[in-house]
Amino acid sequence: LKQLDNVDEKRIGLVGHSMGGRIACMISSDDIHSIVLLNGAVGNKYRAPWFFKENMYRMQEESRLTGKTGFWKTPEQWVDIYQCTFESLENSDTDAILDYKGNLLIVYGEEDPTVDNRVSKELYARCVNVKRDIIGIPGANHTFQAKTLDYTIYNYTMDQFVPWIVEKMKE
């Protein structure tokens, strides 16, 4: 991005949802102006599977024994999760965000069944040297209800963090 003529290299921002939030934390550096984490799957202290709910403990053990595990996404659709998924989580380091000097916004769904919202709250508490804000979205699940085709909560979420981005980019 920094090499593109139409990009202000001092105003680059990242928005990461779930594992994208984990990656944003991993690559955070001082030449990134602002970062927004949406239900970010972050935190080294609680590497996989803490930020997932209780059934992930079973899934992690099953993947170690058989090489993969999975879950029913819908009554008709089974999703496989391979052992390498859990291994990559155990080996990824998100603590780079603790040294980040830019702007950080943490947004979490208060009803997220996938990433426990305590992860977002703890990250906020740990980022004491970061210019940070946190927003909890009432009634929001992991996708901020985007998959329900009722975009009320999703749009509310956008209304909460897009103005934050606009304001921070003026700095």
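Visitor: What makes the 17 residues a nonpolar core?
Guide: This is a predicted model, and its largest nonpolar core has those 17 residues. They carry the name because a core joins buried nonpolar residues through side-chain atoms within 4.5 Å. Ile35, Leu37, Ile97, Tyr100, Leu104, Leu123 and Cys127 have the most contacts inside this core. At least two residues each come from helix 1, strand 2 (34–38), strand 5 (103–109) and helix 4 (117–126). A second core of 10 residues is separate, and includes Leu105, Ala140, Phe144 and Phe161.

Visitor: Why is Thr157 called buried?
Guide: Buried means under 20% relative accessible area. Thr157 has 0%, so Thr157 is buried. Thr157 lies in helix 5 (residues 152–169) and, beyond residues up to four places away in sequence, touches Val107, Ile137 and Phe144.

Visitor: How do you know that the buried residues of helix 1 are on the same side?
Guide: In helix 1 (residues 19–27), the buried ones are Gly21, Arg22, Ala24 and Cys25. They cover an arc of only 160 degrees around the axis, so they share one side of helix 1.

Visitor: And what puts the buried residues of helix 4 on the same side?
Guide: Here the buried residues are Asn117, Val119, Ser120 and Leu123. Their arc around the axis is only 155 degrees, which places them on the same side of helix 4. Among the elements that cover them are helix 1, strand 2, strand 5 and strand 6 (131–137).

How values were computed:
Residues numbered from 1 in each chain as written. Predicted model: local features only at pLDDT ≥ 70, side-chain atom pairs only at ≥ 80, totals over all residues. Heavy atoms only, no water. Buried < 20%, exposed > 50% of the residue type's maximum accessible area, 1.4 Å probe, protein only. Helix = DSSP H or I, 4+ residues; strand = E, 2+ residues; numbered from the N terminus. Arc of directions from axis to C-beta. Contact = heavy atoms within 4.5 Å.
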